[in-house]
Amino acid sequence: MSHLDGFGGRQGYGRRPALLVIDMSVGFTSPESPLHCELEAAVGAISELLAAARTRDLPVVYTTVSYGEGEKTAAKAFIDKVPAPGSRFTEIDRRLAPQPHEPVLNKLFASAFFGTPLQSLLAAHGCDSVVLTGASTSGCIRASAVDVLQHGYRLVVPREAVGDRNPAAHEQALYDIDAKYGDVVALDEALAWLGSVTALDEVEAAAR
């Protein structure tokens, strides 16, 4: 990406990343949903990233969006802008199903950090970086990207692993993220990095 002078420097990769899968629920992947995005390519890319992260025993965290009655009141201003998904749409797409030990955090707003224990989870796992994937690029991905940086983590966004309803908004969000908040990279580059990360059992064995 071409940026104005002084923007778009490289953060580089961390040593202990977490893979964050944002809102890849049926509500975003199913054509029957009013929130549907075109995410078939992203589903494939995220599947590859999940396999790489799990092979290296890296933390994987999912998010979804759902509202109880009290939460609808708290998030009313947001819901007035974006329709709330029905209950059948809040489950993670089966093609990207979390493993039993992988948490699915429920969020009420755009950022994966706001009102969730994500920061505590990342700290507990000793993470120094985040691989951010999911939907939508101009909404929850961009909001979460800003908070990744503001919580002190290095950010990597594999371009093929995010998607949006609006191609122009998608490209603009990726441009902004790459200019100011993290590194937008090709999927192959992200996979190569994850493959080089030392697995947790190897770290623990070296420490003995």
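**Exercise 1.** Leaving aside its neighbours within four places in sequence, which residues is Glu-102 in contact with (heavy atoms within 4.5 Å)?

*Solution.* This is a predicted model, in which local features need pLDDT of at least 70, side-chain atom pairs count only at pLDDT 80 or more, and totals for chains, interfaces and linings use all residues. Residues are numbered from 1 along each chain as its sequence is written, and side-chain values use heavy atoms, with hydrogens and water left out.

Step 1. Locate Glu-102: the loop between helix H4 (76-81) and strand E3 (104-107) holds this residue. Helices (H or I, at least four residues) and strands (E, at least two) are DSSP runs, numbered from the N terminus.

Step 2. With those neighbours set aside, the contacts of Glu-102 are Arg-54, Val-60 and Tyr-62.

Step 3. The side chains of Glu-102 and Arg-54 make a polar contact at 2.7 Å (a pair of N or O atoms within 3.5 Å; within protein, one must be able to donate a hydrogen and the other to accept it, and residues adjacent in sequence count only if both atoms are side-chain atoms).

**Exercise 2.** Find which way the residues of strand E2 (residues 60-65) point.

*Solution.* Step 1. In a regular strand, side chains alternate between the two faces of the sheet.

Step 2. From E2, Val-60, Tyr-62 and Thr-64 point one way, and Val-61, Thr-63 and Val-65 the other.

Step 3. Six of the six residues of E2 are buried (under 20% relative accessible area, 1.4 Å probe, protein chains only).

Key: Contact means heavy atoms within 4.5 Å. Buried means under 20% relative accessible area, exposed over 50%, partly exposed in between (1.4 Å probe, protein chains only).
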